[in-house]
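Me: I would like a close look at one part of this protein. Please keep to what the coordinates show.

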Amino acid sequence: MDNMNDYNFFSGYQRKKGIQINPGSPLFISVIIVLVCAGISAFLVVKNNALEKEIAEMSARAESIKVSQEYTQANNIQNSLDAMKQYDSGASIALENFYSCNLLNTELITGLFAGIPSSVRISSFSMDSLNVTMTCSLTSRKAASELLLGLKGTNLLYDVRLSSVSSNQDGTGSVAIISGVLKEGGAE
């Protein structure tokens, strides 16, 4: 009996208890692949959520900047519009005043200057409402009286006065200031 083999009938019971891992088995390789895919998927989901949150924050910031720029632009447009309205209001008032004032016609001017002697030169002429004031350069004091009589003779002015007569600084003549009031209907 030399050739006898021993059979161990209890070998199934004598094995180590627990899970035996065979790294070369297809089941082990499949489990590892599934775990790696699950880990990568979990990482990508977490990263995606973080990126979505960051995108939402940046979008909110960009929207606030855009709203701020739109507000600034709208404010500038409103300020321009207000300035244009104010200008239009002022221009309308000026236009109304222009249309409402009685403009001097050429007949009045011609009539007034007809009463001025040729020896008199007018250096300023002003008129407000019905009051007329002239500053004249005269060659002599006699020219002042001729000017006064000439203006009274036009029948366009009443209350014509010689306010002052003074000698020029260089002594070559005089300067007279004459004032008067237009008669009603004289400026028409």
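Is Thr-154 buried or exposed? Please describe its surroundings as well.

Reply: This is a predicted model, in which local features need pLDDT of at least 70, side-chain atom pairs count only at pLDDT 80 or more, and totals for chains, interfaces and linings use all residues. Residues are numbered from 1 along each chain as its sequence is written, and side-chain values use heavy atoms, with hydrogens and water left out.

Thr-154 is buried, because its relative accessible area is 19% (buried means under 20%, exposed over 50% and partly exposed in between, with a 1.4 Å probe and protein chains only). The residue sits in the loop that runs between α4 (141-153) and β3 (157-167); helices (H or I, at least four residues) and strands (E, at least two) are DSSP runs, numbered from the N terminus.

Leaving aside residues up to four places away in sequence, Thr-154 touches Gly-111, Leu-112 and Gly-115, where contact means heavy atoms within 4.5 Å. A polar atom of the Thr-154 side chain also lies 2.7 Å from the backbone oxygen of Leu-151. The cut-off for a polar contact is a pair of N or O atoms within 3.5 Å; within protein, one must be able to donate a hydrogen and the other to accept it, and residues adjacent in sequence count only if both atoms are side-chain atoms.

Asn-155 lies in the loop between α4 and β3 as well. With a relative accessibility of 53%, Asn-155 counts as exposed. Its phi is positive, about 60 degrees, although Asn-155 is not a glycine. Most residues other than glycine have a negative phi. Asp-159, in strand β3, also has a positive phi, about 55 degrees, and is not a glycine. Asp-159 is partly exposed, at 39% relative accessible area.

Next, the aromatic rings. A search of the whole structure finds one aromatic pair. The pair is formed by Phe-113 and Phe-125, with 5.9 Å from centre to centre and 40 degrees between the planes, and is tilted (rings of Phe, Tyr and Trp, the last by its six-membered ring, pair if their centres lie within 6.5 Å; planes under 30 degrees apart are stacked, over 60 edge-to-face and the rest tilted). Phe-113 is in helix α3 (residues 106-114) and Phe-125 in strand β1 (residues 121-128), so the pair ties together parts twelve residues apart in sequence. Phe-113 counts as partly exposed at 36% relative accessibility, and Phe-125 is partly exposed at 29%.
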